[in-house]
Amino acid sequence: MAAPGCTFEPSEQELTDVCLYGKITGAGRDVGAIHVADVYSADPETLAKSFAPAPGTGRGDKEPEWYFFSPVRYASKKKNSGRRARIIGCDSNKKWHSEIGAVPVEGSAVGGHKVNLTYMVRSNASGEKKKHERAGWILAEFGIAPEHGGGQLELCKLHRSPHFQETAAGSKKRKAAAADELYSADRCKNLCLRQEMPQDRPRPEYSAYRESSFGHGILQVKNETHALWQWHRNQDVYNSVGDEIFIVRESHRCLRNCSRPAHHRQP
């Protein structure tokens, strides 16, 4: 078990040759920083909330990390080899995805290898093609060769993706800055509008209502006699109409058959 105040940060070779090999053979001592759990039984958020991170991680600039001894899952239930099964529980919308195959652990004497996995979640948005998207978690699977007892138990290291966190944080900052800029611009426009059109100035007879707002108008010609004009304010929710009026054409007032003056030709 890691001593109090120490940071648990073993090398990849120590994870395979000491921790995992010792757990399989029973020759190793108990390492309290490594939990025993099936990492494929729950999503990473649930695992992170249910188990404590490794000592020394999650403090200062050190991101939290979780270590697990986990049973190996295979796609075929009849044999303990072949293609791996990495979906979360029985939910095919959540899975761990491998970009490349197993990579040998340098210096390992027990055939240690590592597979890096990315947590993927399938989008359920209506009207869109369902696809798996990265959800910001990384899982490193460590195993050893079958001749050394490997194949049934693995050691997994779980942590958040630094790139995903930076991207999410940058996106939040950009959205907040855009919202502040939009608010400042709209506030400036309203102030300018109030200065140009003060409330104490008499309203003309043709004006039924006046307010300090910006937006856009839409004119829809319905038929030969009717048109609909709608006003959408910027501060309203999308597809909300602030004001509308029907414009009606009065045919009897149109001079369709008015006589035109004859053009005199020059002799």
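Accessible areas here come from the Shrake-Rupley method with a 1.4 Å probe. On that basis, the accessible surface of the protein chain comes to about 18900 Å², and 52% of it belongs to carbon and sulfur atoms. Please keep in mind that this is a predicted model. The chain has 267 residues, of which 27% count as buried.

**Overall layout**

- The protein chain has three helices and eleven strands.
- Read from the N terminus, its elements follow the order α-β-α-β-β-β-β-β-β-β-α-β-β-β.
- Among contacts in the protein chain with a separation of 6 or more, 52% are between residues 24 or more positions apart.

**Strand 2 and its partners**

- Strand 2 is largely enclosed by the rest of the structure, because five of its six residues are buried.
- Strand 1 (residues 34-36) runs parallel to strand 2, and three bridges join them.
- In that pairing, Ile34 stands opposite Tyr67 of strand 2.
- Strand 8 runs antiparallel to strand 2, with six bridges between them.
- Here Phe68 is found opposite Cys156 of strand 8.

**Nonpolar cores**

- As background, nonpolar side chains in soluble globular proteins tend to be buried together.
- The largest nonpolar core in this model has 17 residues, and those with the most contacts inside it are Val39, Phe68, Trp96, Trp137, Leu139 and Leu158.
- At least two residues of this core come from each of helix 2 (44-50), strand 2 (66-71), strand 6, strand 7 (132-143) and strand 8.
- Strand 6 gives the largest share of this core, three residues.
- Another core lies apart from it and has 16 residues, including Leu20, Ala33, Ala54 and Ala140.

**Trp96 and the aromatic pairs**

- How many aromatic pairs does the structure hold? There are five aromatic pairs.
- One of them joins Trp96 and Tyr119; this pair is tilted, at 5.2 Å centre to centre and with 50° between the planes.
- Trp96 belongs to strand 4 (residues 91-98) and Tyr119 to strand 6 (residues 113-122), so their pair ties together parts that are 23 residues apart in sequence.
- Trp96 counts as buried because its relative accessibility is 4%, under the 20% cut-off.
- Tyr119 is buried too, with a relative accessible area of 5%.
- The pair of Trp229 and Trp231 is stacked, because the ring centres are 6.3 Å apart and the planes are at 10°.
- Trp229 counts as partly exposed at 33% relative accessibility, and Trp231 is partly exposed with a relative accessible area of 21%.
- Leaving aside neighbours within four places in sequence, Trp96 is in contact with residues including Val39, Tyr40, Pro44, Arg86, Ile88 and Leu117.
- Further contacts of Trp96 include Thr118, Tyr119, Trp137, Ile138, Leu139 and Leu158.

**His159**

- His159 has its place in strand 8 (residues 153-160).
- Is His159 buried or exposed? With a relative accessible area of 19%, His159 is buried, since the cut-off for buried is under 20%.
- Leaving aside neighbours within four places in sequence, His159 is in contact with Pro64, Glu65, Trp137 and Ile138.

Definitions and conventions:
Residues are numbered from 1 along each chain as its sequence is written. This is a predicted model: local features need pLDDT of at least 70, side-chain atom pairs count only at pLDDT 80 or more; totals for chains, interfaces and linings use all residues. Side-chain values use heavy atoms; hydrogens and water are left out. Helices (H or I, at least four residues) and strands (E, at least two) are DSSP runs, numbered from the N terminus. Buried means under 20% relative accessible area, exposed over 50%, partly exposed in between (1.4 Å probe, protein chains only). Contact means heavy atoms within 4.5 Å. Rings of Phe, Tyr and Trp (its six-membered ring) pair if their centres lie within 6.5 Å; planes under 30 degrees apart count as stacked, over 60 as edge-to-face and the rest as tilted. A nonpolar core is a set of buried Ala, Val, Leu, Ile, Met, Phe, Trp, Tyr and Cys residues joined through side-chain atoms within 4.5 Å. Two strands pair if DSSP finds at least two bridges between them.
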